[in-house]
Amino acid sequence: MEYRIKTEVCVIGAGHAGCEAALACARLGLDTTIFTMNVDSIAMMPCNPHIGGSSKGHLVREIDALGGEMGKNIDKTFIQSKMLNVSKGPAVHSLRAQADKAEYSKEMRRVLEGQEQLHIRQAEVTEILLEEAEASAASEDKLRDKALDRPEDTSASSEDKARNKSRDRSTDRSEDSIVERKGGKRVTGVRIVTGTVYECRAVIVCTGTYLNARCLVGECITETGPSGMQRSELLSASLESAGIPLRRFKTGTPARMDGRSLDYSKMTVQQGDPVVVPFSYSTDPAEVQIEQFPCYLTYTNEETHHIIRENIDRSPIYAGIIEGTGPRYCPSIEDKVVKFAEKTRHQVFIEPEGRGTNEVYVDGMSSSMPDDVQQRMYRTVPGLEHCEIIKNAYAIEYDCINANILKPTLEIKDIYGLFCAGQFNGSSGYEEAAAQGLIAGINAAMEFKGKEPLIIERSEGYIGVLIDDLVSKDNREPYRMMTSRAEYRLLLRQDNADLRLRRYGYRVGLITREQYEALCNKEEAIHKEIERLKRVKVGGSRPVQEFLAAKNSAELKTACSLAELLCRPELDYDALAGLDPDRPKYSRSVTEQVEIEIRYEGYIERQRRQVEQFEKLERRHIPEDIDYDEVKSLRIEARQKLKQYRPASIGQATRLSGVTPADVQVLLIYLEKFKK
Amino acid sequence: MALPVKNTNEDTIAAAATAMTEAGIGIIRVSGPEAFSACDRIFRNAAGKRALLSYAANTIHFGHIVDPESPAEAAKQMNIVDEVMISVMKSPHSYTTEDTVEINSHGGVYVMNRILQLVLDQGVRLAEPGEFTKRAFFGGRIDLAEAEAVMDMISSQNEFAMKTAARQMTGEVSSKICSLRERVLHELAFIEAAIDDPENYDTESYPEILHTAVAGLIEEMDALLLYADDSRIIKEGVRTAIIGRPNAGKSSLMNYLVGSERAIVTEIAGTTRDTLEESVRIGGALLHLTDTAGIRETEDIVEQIGVGRARQAIEDADLVIFVIDASLPLSAEEKEIAEAMEKALHRGAKGIVLLNKSDLVKSELALRETEKEAMDLFHANKNSKISSPLFLSASLLTGSGMGLLKEEILRLFHVGELKERNEPYLVSRRHAEAVSNARRSLDLVRQSIEAGLSEDFYSIDLMNCYAELGKILGEQVEDDLAEEIFSKFCLGK
């Protein structure tokens, strides 16, 4: 007799995706069990020691706006913080913080442990249990009984009225409308390595780089997960037998060194910002003004490159040992040397791994060269002449899916209740993983409650771009978020993630009413202040002219509004205080928006118009039951792609590779006729 | 793996591909999955055998079209309808990208109709107007600009338009726009790369580089736009309003122009005081002439209607010809007409003031006087080249000066230059609009650079520019574009 345990949602993996997914589900009132190969690896950062950075910082802000945990966790555990690209426009400003890795992991574990209805289980999940969806009508009642079995919801915090409300609703089984579906399979539970079955209605697969992983250091291959962790060996077969095709991706990480062996005097020191901006909208900025740790910059040189070229045949990739596809945008030092042969040096950043350790991370020099080559190559870098390696650089290969089998909700098409997130979906990066984990968790909960799923549009957030790219495009390498992937980036700034997404967080129930009301007040304040600045005029009086002269700003010829003055590059909101004695007192978060909205009004307006065009096509929904064989003039290739991806909208169809604009025009005309 | 692009329309269509007239040769085109089998049933080779299905792709064969239903056929004797050459094109290597058969028959309405009917009897449907082109577009064989050109070609009304359409069809406009668009894309790509990989892309001197590139693009777009209006007007025909006070010689001018050339369209219903419309060809240009009733204020209801129409004609005109009786002093009505004409000139129309009845004017000096007076009617913007009309003296009675009038009309619309210029033309209003929007976006990029903004701001307007150019090529999916274009083809009838 097998041992069975009842839960509602199972999350496989407790990395950055798994943690967000599990927290979202539990916070939305579902009994959730999170499985990890090792509880000491919860929210582990097996690669670089920072959170955020160009475009990834945006993701963290968005995760926070929606009610996720990553931003709060890094605010509690960072040791250096920097706003990148401040010399450029506001669209590309991006926050990056160096984490104390051990603390980050510990802190996240504390949060998971403190979460009601969230159970942590150290065990390898070996099998996902499915049943035919047709058969599920009969088991519907069984599922409901199962749901009722869960412990009474006693965790409702008093300050969280909104969440209470949604929880009340979720415990009301009569509202649990399970959408009737035709065909396909449905998740019923998972089996762990001991044979025990966890019965549930939703599974979120967040296996990261653990599935059938192998690590390579030159000729030395170990069958382990990241950082020597035990890999997961049996789940791949279960997934494949469920009809989920797997593929093999690869990624890599540089060496960790003993910081005492480095000569920092030969490097450029890189300090954090004097005034730190927190990631989370809930963090009090006063709390993050801590003493920071420096990073250091040094460079590779011709000698480094020479050693690499000499030994390139010993690199597992170039020797053909690695089968997986690696990320183009996060290349190993071997790749850089081969692909940018004309470059005489590459940047190397030395970053601390944490407060309580000497270990440092050698950013920019990930490698899978044999140990001896690594030793020699690193030692050519100024400051690293006597470096002692603690952990070798290595490449890791793992099983993952092509995310084009997913809906934009991150649920597998035709397997109801099976959601996927993170590196398992073919992405790379902690932030990308966390963002997907959060969305998968929210949507698993929404499906459970019979509510509208949460799909962020490309025009609403980097999260939308990330997920749309993953599910619509033919990604052949680990997908990394990049600023250039976001078409509407002037609107998707890191400074306005709350204005863009907080209402969604509120709608799904992860943001409280108080938080939501604070957002509404902020919006109103921004609006009112912009109006006021456009209205209030200053004349060319003597004090005004003197004031402007003092700021190196040209004299006024005629009266002009404060808004017009704000557009002068040499002036900003604070500088205008002297001309604006009656200004209301607003927080920096409000005046920052006011400044950006006024200064870049024309650009913002033009980008908004682009979004309108875009959304027009996004709103043209393609019926789920469309028969592409009926659409006569489609080319065969386009027809195959459309059948395979089943895009939800014309907009999504335009982004499928292999579908030309002419094909989309055909489709548009067909839909017109279809409508009539 | 790339699959061959194959079109999969279910039904097979046929139509006469050449005019059904008493010409020397006429072509019936059959396209679709059943094209071969349908034609096979009605075609016999020189030896009298059914052989079409055995022909290799892209070959042409001699044989006969027969009526398979006729009693003679039943008796194994050929009932020959016509002697033909038949070309066989296999999908996707045909105009429509479908299996296509073209039957080159002896022209003539009867023969062509008979062959077409035989084809239709085989379960083939009569093609709708433009349907072959539509299939070519949907089959990915031609882009939108080319499809539009084919449509223009079919409906082109004169030599210039035909030539332009032909040029566009070979993709000249497309390739010009493509090259502009690629250069915009190149800049966009650089900016995107630089934003993501600041280590490997130096943007220090980039604003200057981009400024130069943008200036070059703007110059080329300006060149495209320079003749765009004229090209379009010449293609569609010059809407010409003839105005002037009664008896100034409007009708004589009309008769002169029409009489000397073959009228294409004849009188449109109306009263004698209504506007009269005629289309004539002068040199390489088509003129749609409107003779107006004059614009004098009047109590007469019928005349009032005429006045309203005259004003409308002036408002719509590409060319206004103002006929003045040079032998009489100018009146208040002439002043009024000049005002209306000036408005038209301001919005870009061209104008000619024709001082008629020069033969009745006593002296050259008197004629100069009248001309000066007429010039004074147009007081505004004498310096502006655009809004000043051209003054010509002539006599419709003797014909003196009339040759010059025709020359000047052609010159005003750059007909000669347009014919000689070897650059592609933007004859479509849609294309010109897109290029001018694209140009405006580039102007904004230039402003951003000059304002010292960083490169991430440039990309918004570069993207708009790229999208506008894409509209011409059909590379930019627009909600209602295909509808708009093919509606002219009577799509979905």
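Cys206(A) is buried, with 33 other C-beta atoms within 10 Å. A residue is called buried if 20 or more other C-beta atoms lie within 10 Å of its own, exposed if 12 or fewer, and partly exposed in between, with C-beta atoms placed from the backbone. This is a predicted model, in which local features need pLDDT of at least 70, side-chain atom pairs count only at pLDDT 80 or more, and totals for chains, interfaces and linings use all residues. Residues are numbered from 1 along each chain as its sequence is written, while chains are lettered from A and ligands numbered from 1 in the order in which they are written.

Cys206(A) belongs to the loop between β11 (202-205) and β12 (214-217) of chain A. Helices (H or I, at least four residues) and strands (E, at least two) are DSSP runs, numbered from the N terminus. Leaving out residues up to four places away in sequence, Cys206(A) touches residues including Val11(A), Gly15(A), Ala21(A), Ala421(A) and Gly437(A). Such a contact requires C-beta atoms, placed from the backbone, that lie within 7 Å. Gly441(A) is 235 residues from Cys206(A) in sequence, and their C-alpha atoms are 11 Å apart in space.

Not counting residues up to four places away in sequence, the contacts of Val203(A) include Cys10(A), Ile128(A), Val187(A) and Phe419(A).

## Helices of chain A

Leu642(A) is also one of the buried residues of helix α19 (residues 636-645) of chain A, which include Glu637(A), Arg639(A) and Tyr645(A). After α19(A) comes Arg646(A), with a positive phi near 45°.

Helix α10 (residues 371-378) of chain A has Val373(A), Gln374(A), Met377(A) and Tyr378(A) buried. These residues cover an arc of only 120° around the axis, so they are on the same side of α10(A). The arc is that of the directions from the helix axis to the C-beta atoms. Among the elements that cover the buried residues of α10(A) are α8 (302-310), β19 (359-363) and β20 (389-391) of chain A.

## An open sheet in chain A

In chain A, 3 strands form an open sheet in the order β4-β6-β5, with antiparallel pairing. Because β4 (50-52) and β5 (78-84) of chain A each have a single partner strand and stand at the edges, one side of each is left without a neighbour in the sheet. From one strand to the next the twist averages 20°; axes are lines fitted to C-alpha atoms, for helices over the stretch in contact, and angles run from 0 to 180 degrees between N-to-C directions.

Two strands pair if DSSP finds at least two bridges between them. The antiparallel pairing of β4(A) with strand β6 (residues 94-99) of chain A has 3 bridges. His50(A) has Gln98(A) in β6(A) as its bridge partner.

## Chain B

Chain B contains 18 helices and 13 strands, and 43% of its 493 residues count as buried. Of the contacts in chain B between residues at least 6 apart in sequence, 68% join residues at least 24 apart.

Strand β1 (residues 13-16) of chain B is covered on both faces, with Ile13(B) and Ala15(B) buried on one side and Ala14(B) and Ala16(B) on the other. β1(B) runs parallel to strand β7 (residues 125-126) of chain B, joined to it by 2 bridges, and Ile13(B) stands opposite Arg125(B) in β7(B). With strand β2 (residues 25-31) of chain B, β1(B) pairs in the antiparallel sense over 4 bridges. There Ala14(B) is opposite Val30(B) in β2(B).

Most residues other than glycine have a negative phi, and most peptide bonds are trans.

| Residue | Phi | Loop | C-beta atoms within 10 Å |
|---|---|---|---|
| Asn552(A) | about 60° | between α15 (542-550) and β25 (560-561) of chain A | 9, exposed |

A cis peptide bond, with omega about 0°, joins Ser91(B) and Pro92(B). Pro92(B) is placed in the loop between β5 (80-89) and β6 (100-106) of chain B.

Notes
Contact = placed C-beta atoms within 7 Å.
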